[in-house]
Amino acid sequence: MLHTRVPHIEEIIGEGIKKAKQSDQPQLVSVVDRIDYTDPYSFLYAGQGIDQHRLFWKSAEEPFTLVGVGSVTRMTSTDQNRFTQLQAEWNSLIDGAVTYDEFGQKGTGIVSMGGFSFDPEEKNERPWESFEESRLTVPAFLLTNHGYQSYLTSNFMIYPEDHQKQIIREWKDNRDELLDTQDFQLQLPVRSGEKEIDPEEWKESVLQATVDIKRGVLEKVVLARELQVKFEQPVQLEAVLKALAETQTNSYIFSFESNGEHFIGATPERLAKLEQQQLISTCLAGTIPRGHTEEEDRKLGQELLYDPKNRQEHQFVVEMIKEAVEACSHDVQIPKAPVIYPLRNLQHLYTPVSATLDPGYTLLDVIERLHPTPALGGLPQKKSVEYIREYESLNRGWYAGPVGWMDDRNNGEFAVAIRSALLQGDKASLFAGCGVVEDSDPIAEYEETAVKLQPMLSVLGGC
């Protein structure tokens with residue numbers, strides 16, 4: 001892959017057409033410009049007039065935001081070896097690409113954004129018909145914000161029969177529309193109704209799971225449930241994402257669009273981050289609400305730190321992530337005990353894991369080893385996923401699957417798609433789950449899922 005300084009766009013497109021004709025194959029060309037600071041929500045809003053395939057990612061730990069509009073290529077897979085297959089497609093794509101980038105910032109140039117379903121063997125049924133089991137998209141336009149510094153990547157898939165003037169004219173028209181950041185009214189949705197899906201049946205499933213765990217069928221399983229919400233009008237995506245970013249400051253904010261539907265969320269749980277071969281993963285399991293006062297908050301945090309059930313649940317995750325990371329990394333560092341990770345509505349037990357990735361491995365190799373962690377599936381991994389597939393009435397789709405991004409410099413980050421919702425016009429499906437062990441109480445677990453629904457509910461018409 002060639003990185004070079006940026007000539008005029010006419011010369012770039014002309015060279016791309018020439019290469020495509022010589023090889024008789026499509027030529028991917030990527031051009032990076034530094035632009036005036038551009039508001040990501042305005043950019044996202046403007047993108048709806050260009051393509052119904054918009055992408056959004058905001059980091060939980062640094063001022064870093066990605067907004068994608070359109071698609072030059074989409075990599076999909078329904079195969080059991082989906083991570084390996086998409087990695088091979090990604091390698092092939094970037095090997096033949098040409099990038100004009102004089103800045104070299106992470107998250108610029110050729111970047112793919114997307115996600116994976118929780119279970120590739122689960123049937124793709126309601127409400128996930130618009131989302132493939134696995135999909136990574138290289139957007140036509142990508143806004144990358146590092147703090148208040150903005151970069152615009154324009155990606156072109158150029159074919160031998162393409163015409164230079166037509167490509168440039170369409171690119172300029174779309175670019176001008178995206179960067180014309182006119183003010184628009186942010187309006188959160190007004191809820192007109194809601195419906196819990198079989199809450200009593202879900203509590204019974206928790207009780208049955210405790211029985212099966214005591215019988216030795218498995219050690220732990222995570223069971224999720226669905227809440228359906230109706231609105232007076234179709235949801236304005238940009239308003240919801242901005243509200244999530246302002247209220248869930250310690251969470252990753254994400255949105256992936258498919259055929260006008262949006263899978264969005266504010267997840268606190270990083271799966272893995274890779275930057276210059278430095279790998280970071282997160283063990284986040286064990287939950288308790290926030291207190292109404294500082295004293296109550298501190299008391300609840302201490303209760304969580306010393307609660308046997310939550311510590312056991314957390315240790316399951318630590319051991320599994322440790323094993324997965326050690327299989328492809330060295331210099332693995334893990335603290336001896338967890339600390340409290342506070343969110344607006346909840347507190348979690350948190351243990352960071354850091355390592356140096358071994359040569360020859362990629363971020364997707366790590367994701368494949370980590371997914372699903374015991375915090376999302378259970379233990380043993382294979383048995384718990386099979387148990388969920390058989391006994392959980394919810395079709396998870398992308399809920400609890402890996403979502404994120406990666407660039408052509410081997411940087412990237414994926415999180416676990418929890419605290420999330422699927423927006424479909426004037427309705428939404430919200431999802432929340434909890435870890436079930438042998439002494440779990442169905443009512444307590446139900447109440448825990450209700451608290452986990454609050455971050456999304458708070459921006460979708462109130463609590």
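# Asking how we know

Q: Where does Pro127 sit?
A: The place of Pro127 is in the loop between strand 7 (111-116) and strand 8 (134-138). Strands here are DSSP runs of E with at least two residues, helices are runs of H or I with at least four, and both are numbered from the N terminus. This is a predicted model, where local features need pLDDT of at least 70 and side-chain atom pairs count only at pLDDT 80 or more, while totals for chains, interfaces and linings use all residues. Residues are numbered from 1 along each chain as its sequence is written, and side-chain values use heavy atoms, with hydrogens and water left out.

Q: What is the omega of the peptide bond from Arg126 to Pro127?
A: Omega is near 0 degrees there, and the bond is cis. The peptide bond from Leu379 to Pro380 is cis too, with omega near -15 degrees. Pro380 lies in the loop between strand 20 (378-379) and helix 10 (381-391).

Q: Why is Ser59 called buried?
A: Buried means under 20% relative accessible area, exposed means over 50%, and partly exposed is in between (1.4 Å probe, protein chains only). Ser59 has 2%, so buried is the word. You'll find Ser59 in the loop between strand 3 (54-58) and strand 4 (64-69).

Q: What does Ser59 touch?
A: Leaving out residues up to four places away in sequence, Ser59 touches Phe64, Ser251, Tyr252 and Glu413. Touching, or contact, means heavy atoms within 4.5 Å.

Q: What makes the pair of Ser59 and Glu61 a polar contact?
A: A polar contact is a pair of N or O atoms within 3.5 Å; within protein, one must be able to donate a hydrogen and the other to accept it, and residues adjacent in sequence count only if both atoms are side-chain atoms. The side chain of Ser59 reaches the backbone nitrogen of Glu61 at 3.1 Å.

Q: Why does Ser255 count as buried?
A: Its relative accessible area is 1%, so Ser255 gets the label buried. Ser255 belongs to strand 13 (residues 252-258). Beyond its neighbours within four places in sequence, the contacts of Ser255 include Arg54, Leu55, Phe56 and His262.

Q: Why are helix 2 and helix 4 called oblique to each other?
A: Let's start with the angle: the axes of helix 2 (residues 40-47) and helix 4 (residues 164-179) cross at roughly 135 degrees and come within 8 Å. Axes are lines fitted to C-alpha atoms, for helices over the stretch in contact, and angles run from 0 to 180 degrees between N-to-C directions. Under 35 degrees counts as roughly parallel, over 145 as roughly antiparallel, 65 to 115 as roughly perpendicular, and the rest as oblique. Helix 2 and helix 4 are therefore an oblique pair.

Q: Which residues of helix 2 and helix 4 meet?
A: Phe43, Ala46 and Gly47 in helix 2 meet Glu177, Leu178 and Leu179 in helix 4. By class, that contact has four nonpolar, one polar and one charged residues. Nonpolar covers Ala, Val, Leu, Ile, Met, Phe, Trp, Tyr, Cys and Pro, charged covers Asp, Glu, Lys and Arg, and the others, Gly among them, count as polar.

Q: Why is the ring pair of Phe156 and Trp171 called tilted?
A: The whole structure has 20 aromatic pairs. Their ring centres are 6.3 Å apart and their planes are at 50 degrees in the case of Phe156 and Trp171, so this pair is tilted. Here's the rule: rings of Phe, Tyr and Trp (its six-membered ring) pair if their centres lie within 6.5 Å, with planes under 30 degrees apart stacked, over 60 edge-to-face and the rest tilted. Phe156 is in strand 10 (residues 149-158) and Trp171 in helix 4, 15 residues apart. Phe156 is buried at 8% relative accessibility, and Trp171 is buried at 12%.

Q: Asp198 and Asn259: why is one called partly exposed and the other exposed?
A: Asp198 has 40% relative accessibility, so it counts as partly exposed. Asn259 has 56%, so it counts as exposed. Neither residue is a glycine, yet phi is positive in Asp198, at about 50 degrees, and in Asn259, near 55 degrees. Asp198 lies in the loop between strand 11 (191-196) and helix 5 (199-214), while Asn259 is in the loop between strand 13 and strand 14 (261-267).
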